[in-house]
Amino acid sequence: MSTLMAAAPGAPVVELDLAELRDDPYPAYAELRRTAPLAWVPSVGRHLLTRYEDIVRAEKLPEVFSSREEGSLLLRTVGPNLLREDDPEHRRLRAAAEPPTRPRQVRDLWAGTFERNAHDLLDRIAGRGEGDLIGDFAEPLAAANLAVVLGLRNASADDISDWSRAMMAANGNYADDPDIWLRAEQATRAIEDAVAEMAEAARREPDGSVISSMVHAADPVELTEIQNNIKVIIGGGVNEPRDVFGVGAQALLRRPDVRDRVVADAGLWKRVFEETARWISPIGIYPRQLTQDYEIAGVALPAGSRVALVIASGNRDESVFERADEFDIDRPHRPHLAFGGGPHFCMGAWVARHEVSALAWPLVFSRLKGLRLVEGADDRMEGWVFRGLTSLNVTWQA
Amino acid sequence: MPIVIFELPDGTQRKVTADSGTVLMQAAVSNGVDGIVAECGGNASCATCHVYVDERHGELVGPPNDVEDEMLDFTAAERRPTSRLSCQVQVSDALDGLVVHIPEEQV
Ligand code: FES
């Protein structure tokens, strides 16, 4: 299959400015859904598919919308990995890596440590009365928890965060900045060393972690495969829980009526989580490449065409979600697309749900009394490939 | 080919023909039966294809497998003794006339 780096004949061409997308992609997506639900966007080098129903259809046809994208930024950053494979290869790797992320394992093996990690971080800041809930809490928490699930006892939360940031930047490096590539290479080499060491340890003594599970998989997995897949998980595993935490916390702090209800009824945290992931999806797009000619959204795409499934846009589709731009935990339930669908359904979904909605939010809102946003703080929402708050400045009673 | 019946929470029934050798979830999805979300496409990792097998047909369908059993503890609607993930139920001629009930919520 050759890669087509151009618009399919008949596809509308829409110019979008990357800086504007990073600032706020939602107005552009709304326009695309209305006027060009499949459009070639030169600055992205892909066709953007923006309506809910079309995205769901594409996700359910992995044999047509292949994850094996040539020239993918992720491939370049981390090497071959399960996110850029199709079944049966994808299934082999996923089966090896997945057991430690299943919900019962999360509850029985990891929940205790997650809770301790959250308390430790809160102990450290509680007396201060002010802080940045992203940098001081959500990011180090996500990184520390991830180190535990992966089995990277030889890495600190700061290592994990730094590695993740370096790789995520490369993965969204549509502007091809050489410094970004260099930093990502340094990070991936460090991860390879750390994984090799822990894989050796897990071979002698299994510990239930992802590395251990891959080392002992029934269907054997090579060390390089373990290394590359751990890189991918470090990429997504920090920013997704961090971003859902931040965006949801900010939404609640702006809506004290909703916050009071949720604090009084812990069963509602689940809904806050799903609605936050719908409203501002931490991952905005998934790249796909066509294995055969296929018509979607009224455009005949030739085999080899590059498509981005814009799940951030599908999650704001007015034909599915009424007043889609509003954060509303009471909206009639329709499944959102934030975790992706089909065989690539997010492997970290259960980990993130537990660490954010069962632990992080409830602990922060119960331990930091009088929690409030700092007025006038420059807490920016940023990104379109990945999107979240860069900071969340708050005060509370010390 | 067996006919299976999906009963929606409001009591309406959808009769669909299921292909032997596939799974119950596929029969629901390919016939557009509401209420079976099946986010993970049948990999027993999302718990959004939950069904209650009708009491009369419990033995016919049998118990959940291990991975499924774990996932069933985390369904959006309550787990019952007859709960199954429809993506883990193989369709065969023996299931002709099977009735399954779709829960209120999947996510
Ligand atoms: S379709 Fe996901 S568990 Fe059945």
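How much area is buried between chain B and chain A, and what percentage of it do carbon and sulfur atoms give? About 1,600 Å² is buried, and carbon and sulfur atoms give 53% of that area. Buried area is the accessible area (1.4 Å probe) that two parts lose on being put together, summed over both. This is a predicted model: local features need pLDDT of at least 70, side-chain atom pairs count only at pLDDT 80 or more, and totals for chains, interfaces and linings use all residues. Residues are numbered from 1 along each chain as its sequence is written, chains are lettered from A and ligands numbered from 1 in the order written, and side-chain values use heavy atoms, with hydrogens and water left out.

**Interface**

- Chain B puts 17 residues in contact with 21 residues of chain A; contact means heavy atoms within 4.5 Å.
- The interface has 2 salt bridges, each a side-chain nitrogen of Lys or Arg within 4 Å of a carboxyl oxygen of Asp or Glu.
- A:Arg104 forms a salt bridge with B:Asp69, with the closest N and O atoms 3.3 Å apart.
- The side of chain B that touches chain A divides into 10 nonpolar, 3 polar and 4 charged residues.
- Here Ala, Val, Leu, Ile, Met, Phe, Trp, Tyr, Cys and Pro count as nonpolar, Asp, Glu, Lys and Arg as charged, and the others, Gly among them, as polar.

**Pockets**

- A pocket is an open set of points on a 1 Å grid over the protein atoms alone, where a 1.4 Å probe fits, with protein on both sides within 12 Å along at least five of seven lines; lining residues have an atom within 4 Å of a point.
- The largest pocket holds about 880 Å³ of space.
- Its lining has 31 residues, and A:Arg22, A:Met168, A:Ala169, A:Glu382 and A:Phe386 lie nearest the centre.
- α8(A) gives the largest share of that lining, 6 residues; helices (H or I, at least four residues) are DSSP runs, numbered from the N terminus.
- The lining of the largest pocket splits into 14 nonpolar, 8 polar and 9 charged residues.
- The second largest pocket has a volume of about 750 Å³.
- Of its 29 lining residues, A:Arg334, A:Pro335, B:Gly35, B:Ile36 and B:Val37 are the closest to its centre.
- Helix α3 (residues 52-59) of chain A gives the largest share of the lining of the second largest pocket, 5 residues.

**Backbone**

- A cis peptide bond joins A:Asp87 and A:Pro88, with omega about 5°.
- A:Pro88 sits in the loop between α4 (73-78) and α5 (89-97) of chain A.
- A:Arg323 has a positive phi, near 40°, and is found in the loop between α14 (311-314) and α15 (349-367) of chain A.

Notes: Points joined across faces, edges and corners; volume = space filled by probe spheres on them. Helix = DSSP H or I, 4+ residues; strand = E, 2+ residues; numbered from the N terminus.
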